[in-house]
Amino acid sequence: MTAAATGLADTQVAWLAVINMPLLIALGLAIPRLWRPALAAAPWAPLPALIFALLVPAGAGIEMDWLFMGAILDMSAVDRVFLLLTALVWLAAGASVRGHIGAGEHLRRFSGFYLLSMAGNIGLILAGDVASFYVLFALMSYAAYGLIVHEQGLRAERAARIYIGMTVMGEVLLLSGLILAAAEMDGLALADVPAAIAASEQSAVIVGLLLAGLGVKAGALPVHVWLPLAYAAAPTPASATLSGAMSAAGLLGWLVLLPIGELELAGWGAWGMTAGMITAYYGIVIGLLQRDPKIVLAYSSISQMGLMTIAVGIGLAAPEHAPAAVLAAAIFALHHGLCKSALFLGVGVMRHRPAMGARARALLIAGLMLPALAMAGLPLTSGGVAKTALKHAVHDAPGAWPELLGTLLSLSSTGTLLLLIHFVMVLLQHEGSEPEPPPARIWIPWALLTGSVAVLIWLLPWSDIPRTARESIAVDSLWSSLWPIVLGISIVWAAYRLGFRAGLSAPPLVPPGDLLAPLERACEWLRAAAVKVIAPVRAAAAGIADATAAGVAGALHSARGLLDLERAMLRWTTAILILILGITILVFIQVWQVWRI
Amino acid sequence: MIPALIVLSSAIPGVLIFILAEDSRTARITLNLSGAILKLLLIAYLFHGVSQGRTFDLRFALMPGYDFVLQANALALLFVSLSAVLWLLTTIYAIGYLEGSPNLSRFFGFFSLCVSATTGIALAANPLTFLIFYETLTLATYPLVVHHGDRESLAAGRTYLVYTLAGGAVVFLATMWLHSLAGPLAFTQGGALRATGATAHPDQLVAIFALFIAGFGVKTGLVPLHSWLPAAMVAPAPVSALLHAVAVVKAGAFGIMRVTYEVFGIELADDLGVLIPLSIVACVTIIYGSLRALAQDDLKKRLAYSTVSQVSYIVLGISLFGPLGTIGGLAHLVHQGIMKITLFFCAGSFAETLGVKKVSQMNGIGRRMPLTMIAFTITALGMIGIPPLVGFISKWYLGLGAVTALQPWVLAVLMASTLLNAAYFLPIIHVAWFRERTEPWPVDHGTPGVDGSWWLLAPPLVTAALTIILGLLAEMPFSVQTWAQLIVRREYL
């Protein structure tokens, strides 16, 4: 460890700078004189986080009693992987913001929410206490609302409304879980949470609350419904960060908070593995039925998040093998985050297709296929390493799980490849809308991110990553990684030969948000039913009230004298009431005194 | 002597303002502001003393056996400082809001008396003194509620009087019954009844407690005694702000606090089994208020129902046995005040500057009055309980209190309330910031992009800043939460 790194790790200012850099720039955006320089600085806001991830050793941390409920910031080995991913994704997407959003007020507003969300996302990784984690998680989630609603209009408003509804629900579940855990703890250190949950009598409830609460962000079934709508409605850089970095925050929350390695929770473990596997295939199937490239990618995210859920399930079911499961989840998150944000940025580059030459187009398609193949587990890419790590974890699963999961996992790679080829096909059928060639700030971030899919994982010297990376290219494991890809390509080729073409004209067989459509219909039906029930009741009540009023009025009208009296009474109601109260009180005191004597 | 000075620092300016001619604006403003600032200085002095463990009191006999006692202890200071700070801000706001309209001497006179009564309630050291100020508050507030003098105001005023006077009578009844059972009592940390023989009559004590809750419940707005509160929002904005944040509803909540902690004592209340019914009443109110708020298009009415719901968080905190729930309740007494006063300030500014009174008229208001809407947004988020704002601190401790008091169902109620709060506050924020304005404002005083007078703008900005600072720095010695912990150490003996 270098002296500089030690210095960094020991100063409060350095830790705060990592989180507060985006916040300070966002503040600058709000000040009339400063907003132009702030806007210029905005893309660089994740730079301190990147430097931190690369220089500061795992295990460093710092305490600040004065902040909030006694803030702790620290960085574990797992945190560092997530911090690297998060910094890279926000950096790449941030560099492209100006190319996608245009200029003026809209850019300023978008950048503001972008920076707030980024601060939350970076901060929650470093958070070392329950309160800070929750604050920063909330900051990220609520600020992302501004990103999703940015383009306004009906589609964005609906997506944002569903997003915020699910988010508030997720926050509420998460907070309930945290409060139940905190009631068992001295202090609020995040590191103590898993043990506290393990010791709690309600550990199964708490685990359920955390799985569901954080699952909203991670896109777990069935709280995933916001995700296809939001990814599609948000501007490209926002989709990239939502899918690449923010969904990983949900996974990180699971890894940090759940009693993985502390407690054998066979039930929740089995649930994690089963639900994860179902989600993985569910995402593929529904995704194949979609016609919008961003929505296809969203379903691919849901599917991939299912694979990560399997790792979490293994960690819960087999505490003794928890470290391997956690490492697998972290490497997978890094791999998936890089691939998915590269693909989303690629959608942005693709919009400039009309102005590109044949070679540029070929390069672009090749560039989209790299992350696609990586996600199918192509050796030498990040995906090969991630799949190897996951297979190791699966190998440790209890009972008959390893055989079952092993096969299904390999087949899911084929499915992933099919889904992503479907994505490229759908993308190619959309005519780009931008008449000029892609500006550098759009294609360079995309190209760098795409390159990192192949390169980055080999450069990381952290914990077991190099060993896993070497194992992923061992000759005896190569075939098990390659056959799903070969199978996938054969299926595509066969389908092509059989004359099957993805059609764009028909509307998607399943509407985006799948479960959402029947849910919304059910809500609408309930509302209509309620109105049907309430309306006659209300009408009857109104009728009775009217009749009574008319009756009273009629009676009063027939007796003018009474009417005058009534008016006088109305005027004097208050005075008389006070008088009566006063007399009551006096009488009461008298009675009481007599009674006392 | 100092407790008396604190009460008089607003009472004397109040009386003087009554005498002032309607057009002596400068004198009125000077009197108002100097009284408010003097009060703050006196309280700062008390704070120092009380945190060192000193108490300050003033005592004289009203009649044999009945003493009039003012005393500043930790609990009293919590409420007195809330009312003093918010009174200063509301005075500033009211000057901007009302100057130029008629009947101002009457208004500001009663306004000052209202605050004097509130500080009296805070500092009262026995049930009798409390009751005197409690009834004074009712009477001093009535002219403020009916200030406009139109039909609707008068009707609301009548409803207000009927409810609060009846409530006051019930409190009186409870006080007298208690007196007959246990003799003269003073508010005592840990509970006054413990040392008396009255604990031999648990049935009567339960009945007395129920009467107290019913009586105080009127001002607190406990369902089903809450109907006056939404009606009273016809009052001018500064009055609504004061009513909902400091004066009336808080007087009721503070009464419940005094009775539970310093008359009965929390342990006796727990033994009597009255806390769980109180939790249930509070939870019903929390949910009911939020549900009603959802349906309101009128902004002030929505805020009024939100008050019904949020003030019951305080009652809920009282009813959860254990220090954590108490901290939540005590902290929310102040936190809710700071947040709700901001919301009413902003609602008043929207109505005054743009004639916007309904949520459905608020499209694009964020761009027209950005600073006001920022203040509104921050505090609305705080109300939902989004961290790191103060509302979250309250919710966190209430939640922990519920779990440690072995009432986990209360946690579910808190979370349901969070969802409902989000459901009625977030749409306002959405339309204000993300909808384009397509039609002209109902009226438009002032220039686009400028919020209007600083008299109206500064108070909500200060309280919105407090919403952030007191939350973000909740562990610092000056925060509400720290002071609440001090009180709890003294109440749980």
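**Entry 1: a buried charged pair**

I started with B:Arg258, which counts as buried because its relative accessibility is 2% (buried is under 20% relative accessible area, exposed over 50%, partly exposed in between, with a 1.4 Å probe and protein chains only). This is a predicted model, where local features need pLDDT of at least 70 and side-chain atom pairs count only at pLDDT 80 or more, while totals for chains, interfaces and linings use all residues. Residues are numbered from 1 along each chain as its sequence is written, chains are lettered from A and ligands numbered from 1 in the order in which they are written, and side-chain values use heavy atoms, with hydrogens and water left out.

Which residue meets B:Arg258 in a salt bridge? I found B:Glu262, at 2.6 Å from N to O (a salt bridge is a side-chain nitrogen of Lys or Arg within 4 Å of a carboxyl oxygen of Asp or Glu). B:Glu262 is buried too, at 0% relative accessibility. Helices here are DSSP runs (H or I, at least four residues), numbered from the N terminus.

Salt bridges that share partners link A:Asp464, A:Arg467 and A:Glu471 into one network. Within it, I checked A:Glu471 and A:Arg467, whose closest N and O atoms are 3.0 Å apart. Both belong to helix 20 (residues 465-472) of chain A, 4 residues apart. A:Glu471 is partly exposed at 27%, and A:Arg467 is partly exposed at 39%.

Then I looked at A:Glu105, which bridges to A:Arg108 with a closest N to O distance of 3.3 Å. This pair lies in helix 6 (residues 105-126) of chain A, 3 residues apart, about one turn of the helix. Buried or partly exposed, I wondered about A:Glu105? A:Glu105 is partly exposed at 48% relative accessibility, whereas A:Arg108 is buried at 18%.

**Entry 2: aromatic rings**

How many aromatic pairs are there over all chains? The count comes to 33 (rings of Phe, Tyr and Trp, the last by its six-membered ring, pair if their centres lie within 6.5 Å; planes under 30 degrees apart are stacked, over 60 edge-to-face, the rest tilted). I picked B:Phe107 and B:Phe108, with centres 5.2 Å apart and planes at 90°, so this pair is edge-to-face. Both of these residues are buried. B:Phe108 also pairs with B:Phe111, at 6.1 Å and 80°, so that pair is edge-to-face. B:Phe108 and B:Phe111 lie 3 residues apart in helix 4 (residues 104-123) of chain B, and B:Phe111 is buried. Elsewhere I noted one aromatic cluster made of B:Phe130, B:Tyr134, B:Phe187, B:Phe212 and B:Phe216.

**Entry 3: core and surface**

The largest nonpolar core has 380 residues, and B:Trp396 and A:Trp226 are among those with the most contacts inside it (such a core is a set of buried Ala, Val, Leu, Ile, Met, Phe, Trp, Tyr and Cys residues joined through side-chain atoms within 4.5 Å). Helix 15 (residues 322-350) of chain A gives this core its largest share, 20 residues. I listed what B:Trp396 touches (heavy atoms within 4.5 Å), leaving out residues up to four places away in sequence: A:Met69, A:Val130 and A:Leu175 are among them.

Last, I checked B:Leu8, which is in helix 1 (residues 2-19) of chain B and is partly exposed at 38% relative accessibility.

Notes:
Helix = DSSP H or I, 4+ residues; strand = E, 2+ residues; numbered from the N terminus.
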